[in-house]
Amino acid sequence: MAIFKILVSGIMIWAVSEVGKKSGKMGGLILSLPVTSLIALSWIWFETHDASKVSAVSKETLIFILPSFVFFIALHLFLERQLNFYLSFATSILLTMGAYFAFFKFRGEI
């Protein structure tokens with residue numbers, strides 16, 4: 001199991017750093033998942049030495065954190081009420097997708 005976790009984590013970090021080098025917005029969206037933020041920002045810096053790329057991804061990450069709160073709030077509330085984990089998880093994901101859609105709409109990007 002440890003090898004699987006290392007592989008999945010490594011692939012995630014690689015994907016985020018590649019996307020972040022090409023698009024601050026998409027890099028920010030992916031980096032709004034807190035587990036990868038520090039590592040991916042470090043990799044972007046080490047691979048490009050371009051502070052503007054790190055800054056762009058950092059800014060978009062900060063912005064995308066707002067709608068990601070929906071997932072954590074919803075999941076917490078559902079599980080606190082002892083609802084089924086899988087249903088709670090899936091519903092929280094759907095609500096978060098809706099929050100991202102609304103956020104993009106608010107920003108005028110849809």
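A charge sits over a ring if NZ of Lys or CZ of Arg is within 6 Å of the ring centre and within 35 degrees of the ring normal. Keep in mind that this model is predicted, so local features need pLDDT of at least 70, side-chain atom pairs count only at pLDDT 80 or more, and totals for chains, interfaces and linings use all residues. Residues are numbered from 1 along each chain as its sequence is written, and side-chain values use heavy atoms, with hydrogens and water left out.

**Exercise 1.** Find the ring that the charged end of R107 sits over.

*Solution.* Go to R107 and look for F64: the charged end of R107 sits over that ring, 5.6 Å from its centre.

**Exercise 2.** Work out how the rings of F71 and F89 are arranged.

*Solution.* Start with the rule: rings of Phe, Tyr and Trp (its six-membered ring) pair if their centres lie within 6.5 Å, and planes under 30 degrees apart count as stacked, over 60 as edge-to-face and the rest as tilted. That rule gives 7 aromatic pairs. For F71 and F89, the centres are 5.5 Å apart and the planes stand at 90 degrees, so this pair is edge-to-face. Finally, zoom out: ring pairs join F71, F72, F85, Y86 and F89 into a cluster.

**Exercise 3.** Is F71 buried or exposed?

*Solution.* Buried means under 20% relative accessible area, exposed over 50%, partly exposed in between (1.4 Å probe, protein chains only). F71 has 15%, so F71 is buried. F89, at 35%, is partly exposed.
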